[in-house]
Amino acid sequence: MQSRYRKLGKRIFDTTFSLILAILLLPLIIIISFLIYIKLGRPCIFKQERPGHNGKIFTLYKFRTMRNAIDSKGKPLPDAERLTSFGSFLRKLSLDELPELLNVIKGDMSLVGPRPLLKEYLPHYSKEQACRHNVKPGITGWAQVKGRNALTWDEKFKLDVWYVNNLSFLLDIKILFLTVYVTLKQQGISAEGHATMPAFVNNDE
């Protein structure tokens, strides 16, 4: 049952549920897009290349939450200085993740799975940590409902690998329900002392 769900059932579930969500949430998506345009300007959508299943690179879509502010050398300012109050509000309720429904419909992502991280991290994973790419990345995941950005990188990766090894339909349903609870409680939005999450550094290298 578990392997059957991995091969076919998960894709059917992802596509069907994402299409339903996208249709139901379309008015909210339009409103958020308009507000971002008013408060932050264009573009409303943030695009970034991320590694997906088996490390294959895809383009991730999210609502933009930060200003395009740079320093005197042309480099982006720290997240804390670019993140706006409106952007912080979107992140607290995970509304910035809504455009990722398109990624799920396209097949780049799943509703549930390890979060897609920066492609620059790929060479720095241990063999065990790299197992997180054995499944498609998700909008939410086991690490997200167990602490989100309040976890250390090591804790996150262990939870990601546990999910990969225990993936099932019932586990995905459980994570989706827990995601609603954690989001409403606004838990683990950022790491201590950071606006979002510090960069991953493998101290064992």
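**Entry 1: the chain as a whole**

I began with burial: of the 205 residues of the chain, 44% count as buried. For my own reference, buried means under 20% relative accessible area, exposed means over 50%, and partly exposed is in between, with a 1.4 Å probe and protein chains only. I am working with a predicted model, in which local features need pLDDT of at least 70, side-chain atom pairs count only at pLDDT 80 or more, and totals for chains, interfaces and linings use all residues. Residues are numbered from 1 along each chain as its sequence is written, and side-chain values use heavy atoms, with hydrogens and water left out.

Next I listed the elements. I found 8 helices and 4 strands, and from the N terminus on they run α-α-β-β-α-α-α-β-β-α-α-α. Helices (H or I, at least four residues) and strands (E, at least two) are DSSP runs, numbered from the N terminus. I also looked at contacts, meaning heavy atoms within 4.5 Å. Among the contacts in the chain with a separation of 6 or more, 70% are between residues 24 or more positions apart.

**Entry 2: the nonpolar cores**

Which residues touch the most other members of the largest nonpolar core? I noted Met109, Leu111, Val112, Ile139, Trp142, Tyr163 and Ile175, in a core of 23 residues. At least two core residues come from each of helix H1 (2–24), strand E2 (57–63), helix H5 (100–106), strand E3 (110–112), helix H6 (142–145), helix H7 (153–166) and helix H8 (169–185). H8 gives the most, with 4 residues. A nonpolar core here is a set of buried Ala, Val, Leu, Ile, Met, Phe, Trp, Tyr and Cys residues joined through side-chain atoms within 4.5 Å.

I then followed Trp142. Not counting residues up to four places away in sequence, Trp142 touches Leu159, Trp162, Tyr163, Leu171, Lys174, Ile175 and Leu178.

Ile29 was worth a stop of its own. I placed Ile29 in helix H2 (residues 26–40). Leaving aside neighbours within four places in sequence, Ile29 is in contact with Ala22, Phe63 and Leu98. Ile29 and Pro99 are 70 residues apart in sequence, yet their C-alpha atoms are 8.1 Å apart in space.

**Entry 3: cysteines**

How many disulfides does the structure hold? I got 0, taking a disulfide as a pair of cysteine sulfur atoms within 2.5 Å. I checked two cysteines for burial: Cys44 is buried at 17% relative accessible area, while Cys131 is partly exposed at 27%.

**Entry 4: rings**

I counted 7 aromatic pairs. The rule is that rings of Phe, Tyr and Trp (its six-membered ring) pair if their centres lie within 6.5 Å; planes under 30 degrees apart count as stacked, over 60 as edge-to-face and the rest as tilted. Tyr5 and Phe169 make an edge-to-face pair, 5.7 Å centre to centre with 75 degrees between the planes. This pair links distant parts of the chain, with Tyr5 in helix H1 and Phe169 in helix H8, 164 residues apart. Tyr5 counts as buried at 6% relative accessibility, and Phe169 is partly exposed at 36%.

Phe13 and Phe17 are stacked, at 5.6 Å centre to centre and 10 degrees between the planes. Both lie in helix H1, 4 residues apart, about one turn of the helix. Phe13 is buried at 18%; Phe17 is partly exposed at 33%. Ring pairs link Tyr5, Phe13, Phe17 and Phe169 into a cluster.

I also looked for charges over rings, which needs NZ of Lys or CZ of Arg within 6 Å of the ring centre and within 35 degrees of the ring normal. The charged end of Lys39 sits over the ring of Phe86, 5.6 Å from its centre. Lys156 lies over the face of Trp153, at 4.9 Å from the ring centre.

Thr183 sits in helix H8. Is Thr183 buried or exposed? I read buried, because its relative accessible area is 13%. A polar atom of the Thr183 side chain lies 2.7 Å from the backbone oxygen of Thr179. Leaving aside neighbours within four places in sequence, Thr183 is in contact with Lys92, Leu93 and Ser94.

Leu184 is also in helix H8, but Leu184 is exposed, with a relative accessible area of 63%.

Technical notes. A polar contact is a pair of N or O atoms within 3.5 Å; within protein, one must be able to donate a hydrogen and the other to accept it, and residues adjacent in sequence count only if both atoms are side-chain atoms.
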